[in-house]
Structures are given as C-alpha cells and as structure tokens.
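Please look through the chain below before reading on.

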Amino acid sequence: MLRRFCGYISKVFYFDEQVFRVEDDREKPDIKTSTIWVSGLLMCVLRMGSLNAMETELCMPRRMEKLIGKRKTSIDSIGRVYSVMDLDSIRSVLVGISTRLKRNKVLRTDWPFRFAAVDGHELFTSRSRCCAGCLTRNITINGEKVTEYYHRVVACHLTGFKIPIPLDIEPVLPGEYEVSAAKRLLERVFRNYPRFFDVVVGDALYMEAPFINYCQSHGKHVITVLKEDRLILMQDAKGIFKMTEPEVFTEENETIRVWDAEGFTTAGTDKPLRVVYAEESEKKRRRVKGRWVEEINEHKWCWASTIPQSELTVRRLWKAAHNRWEIENNLFNVLVNHWHMNHCYKHDPNAIVAFLLTLFIAFILVQSFYHLNIKKPVRDRLAIIAITRQLYGDLGQNTFIAPWLLKSSAPP
Ligand SMILES: [Zn+2]
C-alpha cells in the first residue's frame, strides 16, 4: 500500500518534483531540505503525532531509508529546519496539488458559484512556554490570576466537495483581530487560487462592512451569519419578512421555511445586501430505554449575502451557508481528533505554520489516494484511518524506493 501511495502521489501530483520546491534559510545545509521536509510530511501522513514517535522510526534500520534516503535526519534537525523553512515554498506545493485536482475535474460542480469558508481555530495553550507569536490572556485558577499563552490561526477551505481541500492558513498575530488575519490570508489566497472559488463564507464575526467591501473589491461575493447584534439590518429584514410568505422545501429529515429579501443598505456596505432567514425543523429518532422516540429539533438561522437573488436560488444559498460547517466538521475536527493538528511539534512561530501547511498537504494526499485511487469495495471495508495504519505497517517492507529519491538531478 505504501509503495502504491508513493507511486500515486508522484504520478498524479508530480510529487517526485514537488518535494524539491521546499526551501529554507540555511546557508550551508548539511542535510537536504527535501529530506527534512519529507520526514515531517511522512510523520503527518502516517499520523505519528509527535517528533518523538518519528525518532523511533528514524533510529530503526530499514524503516525510513526507502522514503528519505540513507542520510537520515534527527528530530532536532526537523524542528530546527522547520523553524527557518520558507512558508511560501511549502504553500507552492499545496497550490500545486489543489491545481492538479482542479485540472483532473475533481472540483467540478454544476452550481453557478464555488464557495470557500474562512474560520479561526485555536491550536494549543501553555502557561509556561511562550514565543514571539504567542497570544496571551489572563485567566483565574484557584483565585490566582495567571497568564495563558496560546496560538490561533485562520484557515481557508473549499466547501461542497467530497475531498476536503484546505487552501491556506495564517496565524492571528499578538494584539490582532481575527478578521485582520483573515484579510491577510485571503489576499494571498485570492492571488494563489485565482479561479478556485467565487464566494467567501464566514460566521457572524465576518459580518462587517470593511470585510465584505474588501472581498467585493477582489471580485468575490460573501455569505456571513447574521446575528441580533446587527440590530438595524435585522430589524429592517424582519419588517419585510413579516409581510411576505416563506418558501418551503425539505432536505432529508428537515423541513425548511425561508424568507428572502434583498436591497438592504443599512450595514454600510458598498453594495446592498440580501438577507435570508430560515426556520428549520428536523425530525430525529433516538433510542430511549429500548424504545425509539421521535423528536423534532428546531433551529433558526439568518444570513447576509452579496449574491443577488437573480444569481443564486434561496435553496442553494441556504445549502451553501450550511456547508460552512465543513471547515469545522471535515477539517478542524477531523484533523484535531485523528491527525494531531493541535500538537505543538516545535514552539516557534514559523515552525507552527510550516507543520500545519505540511499537515494540510499530507491530509489532501491521503484523502485523494483514498477517494480517487482505492476501489470502492476496499473503501467500504476500510476507513481512511485504517488505510494510514496500513501505510504505517508497510514501513517494514523494503521492496521499493520512493520515486523522489530516484531523481538524482534534484537540487540539494
Ligand atoms: Zn508561542
């Protein structure tokens, strides 16, 4: 399976060339950057969870040689070099992989728009160790005030596709507001992924005129959650909705009533906004004392958007707005619970982002291998985690050499 995986990523994503794109700041490197970067990448692909786990594999003979070469690195070197790794060079590998998926029609859709979600995520906390990139907050423990250090990032992720595609990540800097980091992230994402998506989807934090105007100035539409704190816009919309009948549709076990109006100018945006309000009732069955009990869960949601009614139906806008949760469910939750996203491999601002970008690459590679290369009968039997266990189990096999090690003309 490991041999097949290495062959697949080299053939489909030209990975045997991509690994040499990653650079670092060392003047006279003793060990090639590609060796060190691939070591970190394999740690992520095989879900080892820590550099110490990787050290065991590096120390044992005939485990990693076929993947990183005979000249192995140490985990101290991995941490040190990730601290000086050029982040844009890792991003270029990520962009290259997503571009291949797009060219291979994996991102095809019959919708008039494609969507990307932005959201913040807190990585890890510490009360003893900090770095130049740490955010701080004061908390009270047993009546005593202590300073807690933590790291927060903003990610951008394509939604509505079978394979989760995280596009990029940006740290929230000390004293900075999440939306400012998101703007910096999007500036780069707009440049690196020019035709990947048309609409930015965010939670209520992003419902502010400067952010919406910023996205519009880059030719992107916006959908954000609208909450009661936007009082005037909310009151305007509710006044109109009182006089109109909702559209009603069903989705699986849910009945949804939606009100939809446009032309609102009270939020201070350059162009008028559309507001959609939904009342959802979802039928659920659950087992209570050996009996099935049916219950109905009610939810209410409101969104603001720049997409005119003439360009996207309210049903599709409702669906796209809900797909925003994919960044929480399919990206952050999966990566945290199964791929050690919150683990601090090296407490250094550059290393933290370098490891996260590398994790994103590992995640897309394994997901693509699973969904696009492994046949359905095998997928029905084995979950993606079981596949990574098989890859790990195959470390003992020594019947192949990774295609990127055969590129003798590769730069150091
Ligand atoms: Zn820190």
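The numbered points below describe selected features of this structure.

1. Basis. This is a predicted model, in which local features need pLDDT of at least 70 and side-chain atom pairs count only at pLDDT 80 or more, while totals for chains, interfaces and linings use all residues. Residues are numbered from 1 along each chain as its sequence is written, and side-chain values use heavy atoms, with hydrogens and water left out.

2. Salt bridges. The structure holds 20 salt bridges (a salt bridge is a side-chain nitrogen of Lys or Arg within 4 Å of a carboxyl oxygen of Asp or Glu). One of them joins E122 and R137, whose closest N and O atoms are 2.6 Å apart. This pair links distant parts of the chain, with E122 in strand 1 (residues 115–126) and R137 in strand 2 (residues 135–141), 15 residues apart. Helices (H or I, at least four residues) and strands (E, at least two) are DSSP runs, numbered from the N terminus. E122 has a relative accessible area of 27% and is partly exposed; R137, at 27%, is also partly exposed. The cut-offs are under 20% relative accessible area for buried and over 50% for exposed, with partly exposed in between (1.4 Å probe, protein chains only).

3. Two further pairs. E228 forms a salt bridge with K238, and their closest N and O atoms are 3.0 Å apart. E228 lies in the loop between strand 6 (221–225) and helix 10 (231–241), and K238 lies in helix 10, 10 residues apart. Both ends are partly exposed, E228 at 47% and K238 at 40%. In another pair, R315 bridges to E251, with 3.1 Å between the closest N and O atoms. Here R315 belongs to helix 11 (residues 314–323) and E251 to strand 7 (residues 247–251), 64 residues apart. R315 is partly exposed at 34%, and E251 is partly exposed at 22%.

4. A charged network. Which residues are linked in a network of salt bridges? They are D88, R91, D168, E170, E176, R184 and R188.

5. Helix 11. Is this helix largely enclosed or largely open? Seven of its 10 residues are buried, so helix 11 is largely enclosed by the rest of the structure. The buried residues are V314, L317, W318, A320, A321, H322 and N323.

6. V45. This residue is found in helix 3 (residues 33–45) and is buried, at 1% relative accessibility. Leaving aside neighbours within four places in sequence, V45 is in contact (heavy atoms within 4.5 Å) with F5, W339, A362, V366, T388 and L391. The C-alpha atoms of V45 and D86 are separated by 21 Å, and the two residues are 41 apart along the chain.

7. Strand pairing. Two strands pair if DSSP finds at least two bridges between them. Strand 9 (residues 273–288) and strand 10 run antiparallel and are joined by 15 bridges. R287 stands opposite W292 in strand 10. The hairpin of strand 9 and strand 10 has two residues between the strands, and K289 there takes a positive phi near 50°. Strand 10 (residues 291–305) also pairs with strand 6, in the antiparallel sense, over three bridges. V225 has W303 in strand 10 as its bridge partner.

8. Cysteines. How many disulfides are there? The count is zero, where a disulfide is a pair of cysteine sulfur atoms within 2.5 Å. C6 is in no disulfide, and the nearest cysteine sulfur, that of C44, is 15 Å away. C6 is buried, at 1% relative accessibility. The sulfur of C344 is 7.9 Å from the closest cysteine sulfur, in C131, so it is too far for a bond. C344 is partly exposed, at 24%.

9. A nonpolar patch. I401, L405 and L406 form a nonpolar patch on the surface, and their accessible area together is about 280 Å². Patches are made of residues with over 30% relative accessible area and no salt bridge; like charges are joined within 9 Å and nonpolar side chains (Val, Leu, Ile, Met, Phe, Trp, Tyr) within 5 Å. Accessible areas come from the Shrake-Rupley method with a 1.4 Å probe, and for residues only the protein chains shown count as cover. L405 is found in the segment after helix 15 (384–393) and is partly exposed at 32%.
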